[in-house]
Amino acid sequence: MNTEVSGQPEAGTQWSWSGGNGALIWQLMFGDETVMGIKRFPRERKAAFFCLESSTGRVLCDDFVLTAEGENAAPVGDGWMIGLETVHGGLLFCHTYQQGSPEHQGIWALDLPAGRVAWSRPDLVYTANLGDAFLAYRSLVFAGFPERDYYLIDPMTGRELEHFGTAHERPNRLRDAAESEEERQGILLPDVVFDGPGHVERIESGATRVTVRHRMESGAEGLPGWVSALSVTGGDRLVHEAVMASGEPMPVFNSFLIKDDRLYYIKERELLVSLVIS
């Protein structure tokens, strides 16, 4: 479900989209005119991808489940153990995990508006987005010791462009010089401080300040829980406020960001809200 806006958006204009009952909106990344991400359903241990038009919240793709190729088309990562790496050329890149390890495994390029996998390299591990190429490696074992065999690959096709081998000096330099995802996508993330009564997260962009205060409060039944309250101010004027979460066992951090002229925040786990702030 989403509430759309039309015409040239003005400050304060907003849309919202629900990931569905029981959903947990987990990760977000941004294309030129899209917001993409993963939503998780903890009770069922399932995860799916979605893609929305960033200006209106219009659904371009929802409930996309990544499945392996071949006869046994089972969900990748058992349909649960998946995450996002980067974006490039309208594609969203994701990974699963190595067996029994937090280390990533595989690269899948998703064309979500078309509802398809553009290409996949389950044999490689993503390392860095260099702009015109990805740095990746294949895990090897030599004389009983693990090694990394590095490659440059084409982000639009998955084709190998250059093979570095197991020498790590040049791959390390390329990785260290790569932009962070926040820089590449133009995202502002909050800083967090402890202020006595709880925690405060804040983003400042020009005259706009977005603040989320996390406080322990008693609920309707007298049980204590964390409440996360958001406020948006422009100078001395209150532009928007909302309760993002309540009754939580711990503070819900990192649930808002600024991209271009829009604030995005997750409300009560399953609702994505976008608000024009300038």
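A residue counts as buried under 20% relative accessible area, as exposed over 50%, and as partly exposed in between (1.4 Å probe, protein chains only). At 31% relative accessibility, D261 therefore counts as partly exposed. The model is predicted: local features need pLDDT of at least 70, side-chain atom pairs count only at pLDDT 80 or more, and totals for chains, interfaces and linings use all residues. Residues are numbered from 1 along each chain as its sequence is written, and side-chain values use heavy atoms, with hydrogens and water left out.

D261 lies in the loop between β21 and β22. Strands (E, at least two residues) and helices (H or I, at least four) are DSSP runs, numbered from the N terminus. D261 and V35 are 226 residues apart in sequence. In space they are 14 Å apart, C-alpha to C-alpha. R213 lies in strand β18 (residues 208-218). R213 has a relative accessible area of 37%, so it is partly exposed. From R213 to P251 the separation is 38 residues in sequence and 9.3 Å in space, C-alpha to C-alpha.

The structure holds eight aromatic pairs. Rings of Phe, Tyr and Trp (its six-membered ring) pair if their centres lie within 6.5 Å; planes under 30 degrees apart count as stacked, over 60 as edge-to-face and the rest as tilted. W15 and Y264 form an edge-to-face pair, with 6.2 Å centre to centre and 70 degrees between the planes. This pair links distant parts of the chain. W15 belongs to strand β2 (residues 14-18) and Y264 to strand β22 (residues 262-267), 249 residues apart. Both W15 and Y264 are buried. One aromatic cluster is formed by F93, W119, Y126 and F134.

Strand β2 is mostly covered, with four of its five residues buried. It pairs with strand β23 (residues 271-276) in the antiparallel sense over five bridges. Two strands pair if DSSP finds at least two bridges between them. Within this pairing, W15 stands opposite S274 in β23.

R40 lies over the faces of two rings. A charge sits over a ring if NZ of Lys or CZ of Arg is within 6 Å of the ring centre and within 35 degrees of the ring normal. For W26, R40 is at 4.8 Å from the ring centre. For W80, R40 is at 3.8 Å from the ring centre.

The pockets were examined next. On a 1 Å grid over the protein atoms alone, a pocket is an open set of points where a 1.4 Å probe fits, with protein on both sides within 12 Å along at least five of seven lines; lining residues have an atom within 4 Å of a point. A volume is the space filled by probe spheres set on the points. The largest pocket has a volume of about 760 Å³. It is lined by 32 residues, of which W26, F253, N254, S255 and I266 lie nearest its centre. Strand β3 gives the most to this lining, with six residues. Ala, Val, Leu, Ile, Met, Phe, Trp, Tyr, Cys and Pro count as nonpolar, Asp, Glu, Lys and Arg as charged, and the others, Gly among them, as polar. The lining of the largest pocket divides into 21 nonpolar, five polar and six charged residues.

The second largest pocket has a volume of about 260 Å³. Of the 15 residues that line it, F30, G31, D32, V87 and G90 are the closest to its centre. Its lining holds five nonpolar, six polar and four charged residues.
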